[in-house]
Amino acid sequence: MNIQMLAFAFLAAAAVGGIAWVFIYPFLSGEKTAETRRASVARPEPAARSVDKNQRSRREQVEGSLKDLEARRQKEKRVPLSTRLTQAGLDWTPQKFMILSGVLGVAAFMAAMLGGGGLLGAAGLGFAAGFGLPRWALSFLKKRREKAFLKALPDAVDVIVRGIKAGLPLFESLKVVAADSPEPLKTEFMAIIETQAIGMPLGEACARLYERMPLPEANFFGIVIAIQQKSGGNLSEALGNLSKVLRDRKKMADKIQAMSMEAKASAGIIGALPPCVMSFVYITTPDYMSLLWTHPTGQLMLVGCAIWMTIGILVMKKMINFDF
């Protein structure tokens, strides 16, 4: 019994000593204070938290800039006639364009009536000449101007990059581009400089380039400048990367153009075959073909054929055009 009591007392003393060693000894010996000190040293510094906060803030600014630009693009989805005239490089007013379209339509209608084409044929020809032809010419001038702009834009961005690396401000680099670049790049950059001179921020002035030149490349340029003006960063590196992207896109477009030339040639032959056959038949037997525009049924058939041919040409154009 005494041995059992001694064993129990020994175990109780060992348990109490272990508890004291774990919970009381660190405070008495100072080890807990040292542990706290080491934990405070290992804790991240406020500077690191500040850097992370700045990065998050810059990311939020970039996302906000992109959202603002996209919202403005959605609001301006419907392009007015005055903007389309500016995109085509014309300094006409919308009233002048509408008057010219009306004159063309009336002239075509009167010419068809005097030529014995009938009322329906004359109305169709007048509508095509007054509504379709001017807008087709506007679209043609716009695309030709956009091609010239794309051809000169990568070189202009390289000039801006070299100017920034040489120590010039961004505004002065834009002035150099506006002074030495070919048309239409010269006119567009002069518009940026004039817009900034009247008080608009440079980033917003560059972002408005997309309104006058609705191209993804112009949108890229405006976004890069707008984000840099709001968030900072290495502008020369960003524009250098943009120049590389622009040149790669141009190479891809040229490659697609070369690969799709066979399909475009086939579509052109198929689309031109019916009018050519009709012309040859009219030259050989004019009385046989003249029924199409002298008889009411022939006029109706001619309008239906024109509509179906237009639909077929548009479908072929959609099939051979590649957007990227």
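This is a predicted model: local features need pLDDT of at least 70, side-chain atom pairs count only at pLDDT 80 or more; totals for chains, interfaces and linings use all residues.

Biologist: How much space lies in the largest pocket?

Modeller: About 1500 Å³. It has 31 lining residues. Closest to the centre are Lys143, Lys147, Leu150, Ala253 and Gln257.

Biologist: Which elements give two or more residues to that lining?

Modeller: Helix H7 (119-165), H12, helix H13 (235-259) and helix H17 (296-320). H7 gives the most, with twelve residues.

Biologist: And by class, what does the lining have?

Modeller: The lining of the largest pocket has 14 charged, 13 nonpolar and four polar residues.

Biologist: Now the second largest pocket. How much space lies there?

Modeller: About 500 Å³. This second largest pocket is lined by 14 residues. Nearest its centre are Pro274, Pro275, Cys305, Ala306 and Met309.

Biologist: Where does the largest share of that lining come from?

Modeller: From H17, which supplies eight residues. Helix H14 (261-284) also supplies at least two.

Biologist: How do those lining residues divide by class?

Modeller: Into 13 nonpolar, one polar and no charged for the second largest pocket.

Biologist: Switching to H12. What should its length be, and what span does the model have?

Modeller: Helix H12 covers residues 216-231, so 16 residues. At 1.5 Å a residue, H12 should span 22 Å. The end C-alpha atoms of H12 are 22 Å apart, which agrees.

Biologist: Is H12 enclosed or exposed, and why?

Modeller: H12 is largely enclosed by the rest of the structure, because twelve of its 16 residues are buried.

Biologist: What comes just after H12?

Modeller: Gly232, which takes a positive phi of about 80 degrees.

Biologist: Last topic, Ser173. Where is its place?

Modeller: Ser173 is in helix H8 (residues 170-180).

Biologist: Buried or exposed, and why?

Modeller: Ser173 is at 2% relative accessibility. The cut-off for buried is under 20%, so Ser173 counts as buried.

Biologist: What is Ser173 in contact with, leaving aside neighbours within four places in sequence?

Modeller: Ser173 is in contact with Ile160, Gly163, Ile164 and Leu168.

Conventions
Residues are numbered from 1 along each chain as its sequence is written. Side-chain values use heavy atoms; hydrogens and water are left out. Helices (H or I, at least four residues) and strands (E, at least two) are DSSP runs, numbered from the N terminus. The expected span of a helix is 1.5 Å times one less than its number of residues. Buried means under 20% relative accessible area, exposed over 50%, partly exposed in between (1.4 Å probe, protein chains only). Contact means heavy atoms within 4.5 Å. On a 1 Å grid over the protein atoms alone, a cavity is a set of points where a 1.4 Å probe fits but cannot get out, and a pocket is an open set with protein on both sides within 12 Å along at least five of seven lines; lining residues have an atom within 4 Å of a point. Grid points are joined across faces, edges and corners, and a volume is the space filled by probe spheres set on the points. Ala, Val, Leu, Ile, Met, Phe, Trp, Tyr, Cys and Pro count as nonpolar, Asp, Glu, Lys and Arg as charged, and the others, Gly among them, as polar.
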